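Hi everyone, thanks for coming. I'd like to walk you through a structure that may be new to you, so please have a look at it with me.

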Amino acid sequence: MILTTKYFGPIEYEQEDCVIFPIGLFGFEEEHSFLLLPFESGGGKLLCLQSTVTPALAFVVMDPFSLRPDYFPELAPSELEQLGVHESQELGYYVLCVVRQPVGESTVNLKCPVAINPQSRVARQVILETEEYDMRHPLAEFGRNEGGGPC
């Protein structure tokens with residue numbers, strides 16, 4: 001299939017490349033199918049979560065462990081069950097980034113990560129039940145003001 005993306009232009013993909021969100025993302029509950037596409041200059045830590053239905057809808061996401069190696073998301077048992085795993089560590093995690101200029105003013109949401117089962121490619125955005133993480137951590141807080149991509 002061919003999809004015209006927000007950041008990469010037209011790309012070819014297969015249905016098995018899709019990450020499926022059975023209940024959508026917060027505020028985008030009607031969107032269920034996305035592609036996870038790496039930005040060339042992001043070194044695998046900066047990616048695009050691109051809707052396969054709405055070409056203009058794409059989110060910049062980051063590997064939270066590249067920002068905070070001690071990041072430790074703990075999901076509720078019901079969330080783990082919905083994702084088809086027994087432990088939070090079995091999942092891959094990405095955090096949404098709000099891109100601002102200058103880049104150091106961009107923020108990441110460590111409180112509400114996207115959790116993905118790497119085997120089934122089923123995903124869910126969750127709210128972590130901890131006060132340790134906020135919804136708007138400035139990127140400058142992590143010393144990530146180098147440029148290297150849109151975030």
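Let's begin with Arg121, which counts as partly exposed because its relative accessibility is 28%. Before we go on, please keep in mind that this is a predicted model. Arg121 sits in the loop between strand E9 (114-116) and strand E10 (123-125). Its backbone is worth a look: phi of Arg121 is near 65 degrees, a positive value in a residue other than glycine. Most residues other than glycine have a negative phi, and most peptide bonds are trans.

Gln101 and Pro102 are joined by a cis peptide bond, with omega at about -5 degrees. You can find Pro102 in the loop between E7 and strand E8 (107-108).

Now for the salt bridges. How many does the structure hold? There are two. In one of them, the side chains of Arg68 and Asp70 meet, at 3.1 Å from N to O. Arg68 also forms a salt bridge with Glu132, where the closest N and O atoms are 2.9 Å apart. This second pair links distant parts of the chain: Arg68 is in the loop between helix H1 (64-67) and H2, while Glu132 is in the loop between E10 and strand E11 (137-138), 64 residues apart. Through shared partners, the salt bridges join Arg68, Asp70 and Glu132 into one network.

Are these three buried or partly exposed? Arg68 has a relative accessible area of 15%, so it is buried. Asp70, at 49%, is partly exposed, and so is Glu132, at 44%.

Let's go inside. The largest nonpolar core has 31 residues, and those touching the most other members are Leu35, Met62, Leu75, Leu91, Val108, Leu110 and Leu139. Among the elements giving two or more residues to this core are strand E4 (33-38), strand E5 (46-51) and helix H2 (77-83). Another core, of 14 residues, lies apart from it, and includes Phe21, Phe34, Phe59 and Val114. As background, nonpolar side chains in soluble globular proteins tend to be buried together.

Finally, back out to the surface. Which residues gather in a patch of negative charge there? They are Glu12, Glu14, Glu16 and Asp17. Glu14 is placed in the loop between strand E2 (9-12) and strand E3 (19-20), and with 39% relative accessibility it counts as partly exposed.

Definitions and conventions. Residues numbered from 1 in each chain as written. Predicted model: local features only at pLDDT ≥ 70, side-chain atom pairs only at ≥ 80, totals over all residues. Heavy atoms only, no water. Patch = residues over 30% accessible without salt bridge, like charges linked within 9 Å, V, L, I, M, F, W, Y side chains within 5 Å. Areas by Shrake-Rupley, 256 points an atom, 1.4 Å probe, with all protein chains shown as cover. Salt bridge = Lys/Arg side-chain N within 4 Å of Asp/Glu carboxyl O. Lys, Arg positive; Asp, Glu negative; His and termini not counted. Charge placed at Lys NZ, Arg CZ, Asp CG, Glu CD. Helix = DSSP H or I, 4+ residues; strand = E, 2+ residues; numbered from the N terminus. Buried < 20%, exposed > 50% of the residue type's maximum accessible area, 1.4 Å probe, protein only. Core = buried A, V, L, I, M, F, W, Y, C linked by side-chain atoms within 4.5 Å.
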